[in-house]
Amino acid sequence: MYELKAQMYFAAAHHLLNYDGACENQHGHNWLVEVYVKGDKLDKSNILVDYKVLKNEMKSVLDFLDHKDLNELPYFKGISPSSEMISKFIYDKMKEKISIISKVSVWETPTSCATYFEE
């Protein structure tokens, strides 16, 4: 089995709903996103997925989020755009384009990360 990971950043603002604390106020992060693909079949060049393809798809998803107020995006309307929900959003969008996406991790700080995957 092979697993690849690509990383990319985006910057965005958000505030948490139904939360008692500082994060209920509007604030922003420079989010680090890690997208993983997993599989056992390599192509004729002996690669699982071309990093160029993986990063282009990541860029298109993250461009949708970049420099936005996440609370204002239709997907997050009325829900708390937590790191958990952001990782699921990115996973779902990436899975539409690359079927072997295995998980997505979203870091809001260098020490705090949420990961979404399906079993």
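Modeller: Rings of Phe, Tyr and Trp (its six-membered ring) pair if their centres lie within 6.5 Å; planes under 30 degrees apart count as stacked, over 60 as edge-to-face and the rest as tilted. The model is predicted, so local features need pLDDT of at least 70, side-chain atom pairs count only at pLDDT 80 or more, and totals for chains, interfaces and linings use all residues. Residues are numbered from 1 along each chain as its sequence is written, and side-chain values use heavy atoms, with hydrogens and water left out.

Biologist: Which residues do ring pairs link into a cluster?

Modeller: A search of the whole structure finds six aromatic pairs. Ring pairs make a cluster of Phe64, Tyr75, Phe76 and Phe89.

Biologist: How are the planes of Phe64 and Phe89 arranged?

Modeller: The ring centres of Phe64 and Phe89 are 5.9 Å apart. Their planes stand at 25°, so the pair is stacked.

Biologist: Which helices hold Phe64 and Phe89?

Modeller: Helices here are DSSP runs (H or I, at least four residues) and strands are too (E, at least two), numbered from the N terminus. The pair links distant parts of the chain, 25 residues apart. Phe64 is in helix 1 (residues 51-65) and Phe89 is in helix 2 (residues 83-97).

Biologist: Does Phe89 count as buried or exposed?

Modeller: Buried means under 20% relative accessible area, exposed over 50%, partly exposed in between (1.4 Å probe, protein chains only). Phe64, at 40%, counts as partly exposed. Phe89 has 4% relative accessibility, so Phe89 counts as buried.

Biologist: What lies over the face of Phe64?

Modeller: A charge sits over a ring if NZ of Lys or CZ of Arg is within 6 Å of the ring centre and within 35 degrees of the ring normal. At 5.8 Å from the ring centre of Phe64, the residue over its face is Lys68.

Biologist: Within what arc do the buried residues of helix 1 fall?

Modeller: The buried residues in helix 1 are Leu54, Met58, Val61, Leu62 and Leu65. They line one face of the helix, because seen down its axis they fall within an arc (of the directions from the helix axis to the C-beta atoms) of 95°.

Biologist: Which residue caps the N-terminal end of helix 1?

Modeller: Look at the backbone nitrogen of Lys52. A side-chain oxygen lies 2.8 Å from this nitrogen, and the capping residue is Asp50.

Note on methods. A polar contact is a pair of N or O atoms within 3.5 Å; within protein, one must be able to donate a hydrogen and the other to accept it, and residues adjacent in sequence count only if both atoms are side-chain atoms.
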